[in-house]
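I opened the model and kept notes on helices, core and aromatic rings. The entries follow in the order I looked things up.

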Amino acid sequence: MAQENSDITFNSKGFAAASRGKVMNIVCIISCTLALASAIIGHDSGPYMYSLIALSGIFGITLILNNVFRHLSVTEYFVTFATTAWIIYMCIVFPVSLGEQNYLIIALVALSIFSTKIIYRNVAIAALVIFAVVLNLYQRYYPAIFPAPAAADFLFAVNVITPLSIIAIMCQRVLKDAI
């Protein structure tokens, strides 16, 4: 049952449904670009560079899924599962000094805002919180498998600023569509 308010259409999923596609495209483009830039900056560590290129691929696939195959349910879940797996991998193999664990907050906020299935949202949010705690404990007590790239301090700053910026964009976009 849709209601119209100016040029915004609200449906049973709420105002967030109108924003999801737009926000996902913006997030994918920004994240893909930053991942490629970070791969170039951290090129002195082959494993780090290849991991960031893989992340760019994840966001590229998400962009295609979101724009070409948005009717498939896999689209809603792909980016969450793929990026969470990537974050877990990065937190296990690289030192905490890179700040990769900060990206889990994006998944948490995205699930809270955009998920349309309550059970999936609650289970996924609980799983993300558990992953965050376990990853932080793991990184505290176990050494990284690979050393950090030489530009680790700069990459840490990028890995703190990027999630906060993406969350701000997500919230701004959702609120813009709500008003």
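Predicted model: local features only at pLDDT ≥ 70, side-chain atom pairs only at ≥ 80, totals over all residues.

I then listed its buried positions, which are Tyr-120, Ala-124, Leu-128, Leu-135 and Gln-139.

Next I looked up the largest nonpolar core, which has 40 residues. I noted that Tyr-48, Leu-52, Leu-55, Trp-86, Ile-87 and Met-170 touch the most other members. Each of α1 (16-41), α2 (46-68), α3 (74-93), α4 (104-114), α5 (118-141) and α6 (152-178) supplies at least two residues of this core. The largest share, nine residues, comes from α3.

I checked Thr-84, which is found in helix α3. Is Thr-84 buried or exposed? I count Thr-84 as buried because its relative accessibility is 8%, and the cut-off for buried is under 20%. Beyond its neighbours within four places in sequence, I found Thr-84 in contact with Val-79, Leu-104, Ala-107, Leu-128 and Phe-131.

Last, I looked at the rings and found three aromatic pairs. Tyr-48 and Phe-94 pair edge-to-face, at 5.5 Å centre to centre and 90 degrees between the planes. Tyr-48 lies in helix α2 and Phe-94 in the loop between α3 and α4, so this pair ties together parts that are 46 residues apart in sequence. Tyr-48 is buried at 0% relative accessibility, and Phe-94 is buried at 1%. Tyr-138 and Tyr-142 are stacked, at 4.8 Å centre to centre and 20 degrees between the planes. I have Tyr-138 as partly exposed at 26% and Tyr-142 as exposed at 51%. I also noted one aromatic cluster formed by Tyr-48, Phe-94 and Phe-146.

Notes: Residues numbered from 1 in each chain as written. Heavy atoms only, no water. Core = buried A, V, L, I, M, F, W, Y, C linked by side-chain atoms within 4.5 Å. Buried < 20%, exposed > 50% of the residue type's maximum accessible area, 1.4 Å probe, protein only. Helix = DSSP H or I, 4+ residues; strand = E, 2+ residues; numbered from the N terminus. Contact = heavy atoms within 4.5 Å. Phe/Tyr/Trp six-rings, centres within 6.5 Å; stacked < 30°, edge-to-face > 60°.
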